[in-house]
Every structure is written in structure tokens, then in C-alpha cells.
Amino acid sequence: MLFRSVPATFKPVCRGDELLDSRPDPAWVRQSFASDNCQAPALPPLLDGASASREQVVAAMSEARAYAARAAAFQRCVSDFIAAKRSQAASGGKGLTQPQLIIENHRILVSQRAAERAQAQARVAINAFNHYGSSCEQD
């Protein structure tokens with residue numbers, strides 16, 4: 001046997017009919033890299049919509065939108081850094097190495113996915129609130 005099954009290290013978070021990947025990204029993805037001075041924002045905390053108040057759900061929606069804006073600013077920061085390093089390299093200065101460029105691009109991709117995950121987390125909380133936590137009567 002060449003391959004053994006690897007035990008699952010992360011457990012998915014299931015809410016209703018939705019599956020949400022809530023695994024945290026490695027810490028290095030959020031930290032400044034290659035002196036780019038770009039810090040990725042932390043994801044908003046998960047909210048259990050089934051037990052949350054309406055105000056908490058509305059706040060979670062607002063936080064997801066605010067997170068998306070912070071993530072976009074981070075992505076612009078990294079993109080601007082890459083562009084500046086390319087410009088430096090074109091004029092004879094020190095640019096990014098290929099591995100550094102790959103890592104910077106990966107940080108942008110992770111940030112985009114995290115923004116999608118924040119929206120999905122808010123959506124899951126809203127659906128759980130509407131289905132289980134609201135005071136609306138079921139027909």
C-alpha cells in the first residue's frame with residue numbers, strides 16, 4: 001500500500017443545509033511579507049444564527065461588508081507593492097524573486113476567498129436565524 005488515509009485535522013461546520021469551511025488560514029498569510037507593510041484583516045467571528053438576536057445578525061451582516069472592504073484594501077496594498085517592485089526591477093533595482101511573487105499572489109487569493117467566506121458565514125447565520133432563531137411562527 002503506497003498511501004495511507006490521513007486523519008481529518010479539520011472538522012467542517014454545518015448549518016442547516018449548508019456546509020461552511022471555517023478553517024483558519026495560516027498566520028503567515030495575514031502578516032506582512034517581504035516588507036510590504038500589508039496586514040490582512042482578521043475574519044469576523046462566527047455567529048450562531050439559531051441563538052442570536054436580530055441585532056446580532058444585523059451586526060454580523062454589517063461586519064461582513066466591512067470585512068470585504070478591509071480585505072479589498074489589503075489586496076490593493078499587496079498589488080501596489082508588487083507593481084512598485086516590478087517598477088524597481090525595470091529600472092535596475094531589486095525586484096521580487098519568483099517565490100516571493102508567488103507568495104504575494106497567494107496572499108491576494110487567500111484574501112479574496114476569506115472575503116467570500118465572511119459573506120458565507122453571515123449568510124449561514126441569517127439562514128439559521130430565519131429558520132430557527134426568529135420569533136416568526138412556522139406554518
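The confidence of the prediction is expressed as pLDDT, the predictor's confidence in each residue on a scale from 0 to 100. Its mean over the protein is 81, and 72% of the residues reach 70 or more. Confidence is highest in H2, at 94, and lowest in strand S1 (residues 13-15), at a mean of 50. Where pLDDT is low, the predicted coordinates should not be read in detail. The elements named here are DSSP runs numbered from the N terminus, with helices (H or I) of at least four residues and strands (E) of at least two.

Helix H2 covers residues 54-90, and its 37 residues should span 54 Å at 1.5 Å a residue, which agrees with the 54 Å between its end C-alpha atoms; the expected span is 1.5 Å times one less than the number of residues. Its buried residues include Val57, Ala64, Tyr67, Phe74, Val78 and Ile82, but also the polar Gln75 and Lys85, where buried means under 20% relative accessible area, exposed means over 50%, and partly exposed lies in between (1.4 Å probe, protein chains only).

Several of these residues take part in nonpolar cores, each a set of buried Ala, Val, Leu, Ile, Met, Phe, Trp, Tyr and Cys residues joined through side-chain atoms within 4.5 Å. The largest has seven residues, namely Cys38, Ala40, Phe74, Val78, Ile82, Leu101 and Ile108. Both H2 and H3 give two or more residues to this core, and the largest share, three residues, comes from H2. Apart from it lies another core of five residues, among them Tyr67, Ala114, Ala115 and Ala118. Leaving aside its neighbours within four places in sequence, Val78 is in contact (heavy atoms within 4.5 Å) with Asp36, Cys38, Glu104, Arg107 and Ile108.

In one of them, Arg107 pairs with Asp36, the closest N and O atoms being 2.4 Å apart. This pair links distant parts of the chain, 71 residues apart, with Arg107 in helix H3 (residues 98-133) and Asp36 in the loop between helix H1 (27-30) and H2. Arg107 counts as buried because its relative accessibility is 0%, and Asp36 counts as buried at 5%.

Arg107 also forms a salt bridge with Glu104, with the closest N and O atoms 2.9 Å apart. Because they are three residues apart in helix H3, Arg107 and Glu104 are separated by about one helical turn. Through shared partners, salt bridges join Asp36, Glu104 and Arg107 into one network. A further salt bridge, between Arg70 and Glu63, has its closest N and O atoms 2.6 Å apart; here Arg70 is partly exposed, with a relative accessible area of 35%, and Glu63 counts as partly exposed at 30%.

How values were computed: Residues numbered from 1 in each chain as written. Predicted model: local features only at pLDDT ≥ 70, side-chain atom pairs only at ≥ 80, totals over all residues. Heavy atoms only, no water. Salt bridge = Lys/Arg side-chain N within 4 Å of Asp/Glu carboxyl O.
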